[in-house]
Amino acid sequence: AVQKFSPNVKLMCEAGTGYNNIPIADARARGIDVCNIPTYSTESVAHMVITYVMNFSAAIFQQAKMLHEGNQSNFRVFQHPIYEITNKKIGLIGGSGTIGTAVADVALPLGMDVLISSRSGRLPKGHKYENNDRVKVVPLDELLASSDFVSINCPLNSETRHSIGDREIRLMKPTAFLINTARGAIINEAELINCMKDKVIAGAGLDTQEVEPPAADSELWTIDNVFLTPHIGWRRLETRQRLVDMTTDNIES
């Protein structure tokens, strides 16, 4: 498609954080600059992660569903485990980046411990949590095995596509929850579906899916421990206005 652009096109501005839907090499070959808006939704997406954590810890999704269906038995009998999040571990895949760091900004005051996966085994020099006792950098497998909540916060690229699948999910605690607010294709959805049907983990919260919305016959719609939201992490009113303003600034500069 880039080859069909007018020679007057000098800039492609991704109104979002990811480049995965832009043919960058083709654009560069045509002398077209490419930019994105990497920070417009940082806090909003981080808050979406914590929203899922809060909902899972109180089984709000499940309990609200029961009440909406006219089942009020949960007023009398505890049917879903609920617990405090203080001293629970949240594992951040890609957690040393901007959004992962913003998740830690909220998780730490709530009393959570933060695990971050890193191939280098350390945070970038000068990272704000480099010397924080409640933030640890660990290999991915250790993060998966130790965390009560696992949040995916890495970009989608050739290395991360389908990088979370059957093997990784089966390393998680049976009481743990998987949260994806990054890109849907980071998870191998077919393998996730099989794991969730087998109750390998307690639940999965997916604000992003590989195809949005998922196909009408996708089992993601019907598995009772998978909870979908329609990619709303970036859609808060203030976030969208910030996106418009920052896109305008990029074009004008």
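**Sheet and pocket in a predicted model**

Me: Which strands does helix α4 lie across, and at about what angle does it run to β3?
Reply: This is a predicted model. Helix α4 covers residues 98-107. The helix lies across β3 and β4 (113-117). Its angle to β3 is about 170°.

Me: In what order do the seven strands of the open sheet stand?
Reply: The sheet is open and its pairing is parallel. Seven strands form it, in the order β5-β4-β3-β6-β7-β8-β9.

Me: Why is one side of β5 and of β9 left without a neighbour in the sheet?
Reply: β5 (135-138) and β9 are the edge strands. One side of each is without a neighbour because each has a single partner strand.

Me: By how many degrees are neighbouring strands of this sheet turned against each other on average?
Reply: Direction is ignored here.

Me: Which residue in β6 does Leu92 stand opposite?
Reply: β3 (residues 89-93) and β6 (residues 149-152) pair in the parallel sense over four bridges. Opposite Leu92 stands Ser151.

Me: Which element supplies the largest share of the lining of the second largest pocket?
Reply: This pocket holds about 500 Å³ of space. Its lining has 23 residues, and the closest to the centre are Phe61, Gln62, Asp224, Asn225 and Phe227. α3 (60-68) and β9 (226-228) each give at least two lining residues. The largest share, four residues, comes from α3.

Me: How many residues of that pocket's lining are nonpolar, polar and charged?
Reply: The lining residues of the second largest pocket fall into three classes. Their counts are 14 nonpolar, six polar and three charged.

Note on methods:
Residues are numbered from 1 along each chain as its sequence is written. This is a predicted model: local features need pLDDT of at least 70, side-chain atom pairs count only at pLDDT 80 or more; totals for chains, interfaces and linings use all residues. Side-chain values use heavy atoms; hydrogens and water are left out. On a 1 Å grid over the protein atoms alone, a cavity is a set of points where a 1.4 Å probe fits but cannot get out, and a pocket is an open set with protein on both sides within 12 Å along at least five of seven lines; lining residues have an atom within 4 Å of a point. Grid points are joined across faces, edges and corners, and a volume is the space filled by probe spheres set on the points. Ala, Val, Leu, Ile, Met, Phe, Trp, Tyr, Cys and Pro count as nonpolar, Asp, Glu, Lys and Arg as charged, and the others, Gly among them, as polar. Two strands pair if DSSP finds at least two bridges between them. Axes are lines fitted to C-alpha atoms, for helices over the stretch in contact, and angles run from 0 to 180 degrees between N-to-C directions. Contact means heavy atoms within 4.5 Å.
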